[in-house]
Amino acid sequence: GVTGGDADSRSIREMERQERELWRAADVVLYPSEDEAARVRELEPGVDARAITAYAYERFVSDAVPESREGILFVAGFAHPPNVDAAAWLVRDIMPLVWREEPGARLTLVGANPTADVLALAGAQVEVTGFVSDAELERRYASARVAVVPLRFGAGVKSKVVEALQQGLPLVTTSTGAQGLDGLADVARVADDPARIAAGIVALLRDDAAWRRASALGARYAAARFSPAAMGAALLDACGLPQREEGR
């Protein structure tokens with residue numbers, strides 16, 4: 001545990017014991033990413049653990065264009081400590097490198113429950129919105145030029161990474177942000193060094209052709225993995241049921 005106490009260690013061991021019992025009792029165990037499913041299979045080789053999409057989107061923005069867009073967008077719930085760390089790292093270590101190349105670039109941090117540390121990041125070129133409605137969030141995605149998800153820690157598939165792709169907004173993220181999303185580096189810029197992250201942001205701010213490619217590829221990637229049809233196919237497969245043929 002974080003505090004290192006004996007009670008914490010006992011509690012963690014007991015949770016792990018209960019979880020393993022549940023794994024062994026189940027026919028199939030489903031996790032939202034292949035990384036997690038692989039870890040289960042490693043710990044309990046006899047368990048049938050599989051990755052399955054935990055959510056799906058009805059529509060994917062495949063016709064986005066770079067014109068009339070500006071600024072950099074980081075969407076996150078700031079009650080979650082990894083997102084607070086990411087926002088601070090972005091503003092303090094990454095954005096100065098962006099501003100050196102693009103002095104007019106604006107960053108918007110969108111999401112509920114901004115902590116005092118996040119609110120303190122606001123300034124002339126950094127907006128902290130707090131909670132926004134779904135309609136306002138969609139408007140923000142439609143007007144931004146680049147999405148960035150600069151996470152340094154945290155497990156599982158990151159919904160805000162998928163959401164940016166679903167919205168057709170070119171994305172720069174880290175290997176942590178890409179976790180559980182096989183092949184993401186083929187459609188988005190994935191880097192862990194501030195200079196490389198900044199370079200990816202600047203390229204998408206400047207290059208319309210690269211922007212259009214990234215937008216189309218990202219939307220296609222999301223549609224192939226996070227549509228209701230993709231979720232249904234994964235569930236049928238996990239249950240050992242045959243896939244339905246199209247048109248029947």
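1. Let's start with a definition: two strands pair if DSSP finds at least two bridges between them. Helices (H or I, at least four residues) and strands (E, at least two) are DSSP runs, numbered from the N terminus. With that in hand, look at strand β3 (residues 72-75) and strand β4 (residues 107-110): four bridges join them, and they run parallel.

2. A quick word on what you're looking at. This is a predicted model, where local features need pLDDT of at least 70, side-chain atom pairs count only at pLDDT 80 or more, and totals for chains, interfaces and linings use all residues. Residues are numbered from 1 along each chain as its sequence is written, and side-chain values use heavy atoms, with hydrogens and water left out.

3. Now the whole sheet. Strands of a sheet pair through backbone hydrogen bonds, either parallel or antiparallel. Here six strands form an open sheet with parallel pairing, in the order β5-β4-β3-β6-β7-β8. The edges are taken by β5 (126-130) and β8 (189-190), each with a single partner strand, so one side of each has no neighbour in the sheet.

4. Walk across the sheet and you can pick out individual partners. Val 110 stands opposite Gly 130 in β5, where β4 and β5 pair in the parallel sense over four bridges.

5. Which way do the side chains of β3 and β4 point? In a regular strand the side chains alternate between the two faces of the sheet. In β3, Ile 72 and Phe 74 lie on one side and Leu 73 and Val 75 on the other, and all are buried. Buried means under 20% relative accessible area, exposed over 50%, and partly exposed in between (1.4 Å probe, protein chains only). In β4, Leu 107 and Leu 109 point one way while Thr 108 and Val 110 point the other way, and all are buried.

6. Next, follow the chain from β3 to β4 through helix α3 (residues 81-101): together they make a right-handed β-α-β unit. To check the hand yourself, point the strands away from you; the crossover is right-handed if the path from the first strand over the helix to the second runs clockwise.

7. While you're in helix α3, find Trp 99. Trp 99 counts as buried because its relative accessibility is 19%. Not counting residues up to four places away in sequence, Trp 99 touches Val 91, Ala 105, Gln 125 and Val 126; contact here means heavy atoms within 4.5 Å. Trp 99 and Ala 198 are 99 residues apart in sequence, with their C-alpha atoms 9.1 Å apart in space.

8. Leaving aside neighbours within four places in sequence, Leu 151 is in contact with residues including Pro 82, Asn 83, Ala 86 and Lys 158.

9. Most residues other than glycine have a negative phi, and most peptide bonds are trans. Ser 68, in the loop between β2 (49-51) and β3, has a positive phi near 65°, and Ser 68 is exposed, with a relative accessible area of 77%. Asn 113, in the loop between β4 and α4 (116-119), has a positive phi near 60°, and Asn 113 is exposed too, with a relative accessible area of 52%.

10. Last, a helix pair. Helix α6 (residues 159-166) and helix α8 (residues 208-226) pack at an angle of about 120°, with their axes 7 Å apart. That makes α6 oblique to α8: angles under 35 degrees count as roughly parallel, over 145 as roughly antiparallel, 65 to 115 as roughly perpendicular and the rest as oblique. The axes are lines fitted to C-alpha atoms, for helices over the stretch in contact, and angles run from 0 to 180 degrees between N-to-C directions. On the α6 side the contact uses Val 162, Leu 165 and Gln 166, which meet Gly 218, Ala 219, Tyr 221, Ala 222 and Phe 226 in α8.
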